[in-house]
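Try each task before reading its solution.

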Amino acid sequence: MQAALDRTLLLMRTDLLDEVSAEELLCALTETSVVLSASEDVLLSHSGQTAFVTAALLLARSGHCVRLDAPNVDIIGNQPPLRRDRLIDGLLEVGADLLPGCSFTTGMSDRSADLVVCIGQHSSKAEAADRIFVTADDWSAQISGGEELAWNGGEWPLGAFAAAALIAGEVFKVSMRRLRDHAKNAPLFEDLYAPARSACVRLAPAETPHATSLDAIDLISGGAIGNSFLYTLLRLPRCSAEIRVMDDDESALSNLNRNALLRRSRIDIPKVEDLASFAVDRIAIKPLVHRYGGEEDPDLADTVIVGVDHIPSRWSAQRSRPTWLGVGATEGFSVQVSHHRPGQACAQCLHPEDAPIDGPIPTVAFVSFWAGLLLAADLIRKTAGTLPSDNEQQVFLPALRPESWDYAHSPINPRAGCPNCAELGVVS
């Protein structure tokens with residue numbers, strides 16, 4: 001278990017004193033108990049099932065103790081990496097193939113949980129120290145610390161993804177609050193890890209079309225952000241796309257904490273080959289075992305998604321002159337996603353300095369998931385012809401404080417002396 005959660009434990013240490021042991025960190029995660037609850041009415045929609053499955057998987061990848069309080073309904077649409085026809089059956093099966101020693105449970109318990117999460121208005125009979133409610137519509141998600149929220153989702157799942165990410169962030173904060181006695185700065189710690197009693201995240205205006213006929217896409221990275229991006233597209237009703245994914249790495253135990261499609265039984269397999277196994281009739285996924293940004297890079301498609309930590313690879317992808325480039329990045333608990341069209345500030349304007357990677361990078365499931373989701377939302381908006389203005393070219397989201405969403409978007413100004421912009425003909 002600890003080896004699978006090493007990257008999450010590293011991130012937990014950000015705001016804690018060095019004295020805290022790995023065992024204490026691990027216990028904070030694995031002893032956090034949550035009841036994930038939804039009624040049959042919610043789960044008779046594709047979006048409701050998507051919120052439930054995604055939340056369950058994100059929670060499991062952080063090692064939390066998750067009890068499923070929902071009916072075992074037939075699965076609607078595509079819900080990878082589940083392999084069963086019914087929802088609870090599928091989650092129980094995949095739960096045994098994620099983190100070692102961690103699995104989902106069902107049924108009533110005589111122990112009070114730390115948190116009950118109600119997707120919609122379902123009134124779970126489970127006892128808990130606290131209770132939150134979430135809802136979603138086509139493009140937005142809302143969380144409440146006290147007020148019941150009716151589920152507003154239908155077939156389109158974008159808001160449901162955001163609802164699941166909100167849930168995972170709140171449960172993670174429960175784990176961190178167990179460690180408050182080890183905080184480096186107690187007042188800042190309390191503010192950062194306090195519950196979000198009310199927050200709303202809107203990925204696109206409500207009237208945004210559900211564009212699903214996507215162009216050919218090159219996805220640079222089979223890692224956490226690339227996983228989340230594909231996880232999202234694979235659930236879009238009637239989505240069609242031809243995706244080439246590039247990576248030269250194999251999945252490892254340490255990837256289980258954040259790679260949204262990865263099962264433990266699939267580690268030691270090239271990441272791109274594992275991702276290609278999720279292709280469906282309308283979504284082709286072509287694996288290319290190749291580390292982009294080195295020698296003999298292939299020509300790229302007009303639409304490129306970059307999810308690598310290696311910053312020069314982002315510059316290289318920009319120099320290939322795609323019609324549209326999406327870049328997803330995370331650092332700590334923060335998510336930064338940008339899109340770049342000809343004439344706009346480039347990826348090197350936003351990420352001007354190389355930051356050599358020295359050792360394992362601290363990560364957690366819900367932060368990486370936000371990055372892949374926001375990239376997918378921008379791509380859909382681009383396809384629908386409703387991309388945000390230049391004043392919203394980037395999103396910077398502190399994932400622990402979703403209340404900041406209203407201030408998350410900002411422009412990117414061309415940087416004076418940027419070598420990429422000079423080569424691309426962008427005037428600063």
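**Exercise 1.** Work out the strand order of the open sheet and find its edges.

*Solution.* Start with the order: seven strands line up as β3-β2-β1-β4-β5-β6-β7 in an open sheet with mixed pairing (strands are DSSP E runs of at least two residues, helices H or I runs of at least four, numbered from the N terminus; pairing takes at least two DSSP bridges). Next, the edges are β3 (105-106) and β7 (198-202), each pairing on one side only. Now zoom in on β3: it runs parallel to β2 (residues 65-69), and two bridges join them. One to look up is R67, whose bridge partner in β3 is T105.

A word on the ground rules: this is a predicted model, where local features need pLDDT of at least 70, side-chain atom pairs count only at pLDDT 80 or more, and totals for chains, interfaces and linings use all residues. Residues are numbered from 1 along each chain as its sequence is written, and side-chain values use heavy atoms, with hydrogens and water left out.

**Exercise 2.** Which strands does helix α4 lie across?

*Solution.* Helix α4 (residues 46-61) lies across β1 (33-38), β2 and β4 (115-119). Then check direction: α4 runs at about 170° to β1 (angles run from 0 to 180 degrees between N-to-C directions, with axes fitted to C-alpha atoms, for helices over the stretch in contact; contact means heavy atoms within 4.5 Å).

**Exercise 3.** Describe how α8 packs on α12.

*Solution.* First, α8 (residues 224-233) and α12 (residues 365-384) pack at about 50°, axes 7 Å apart.
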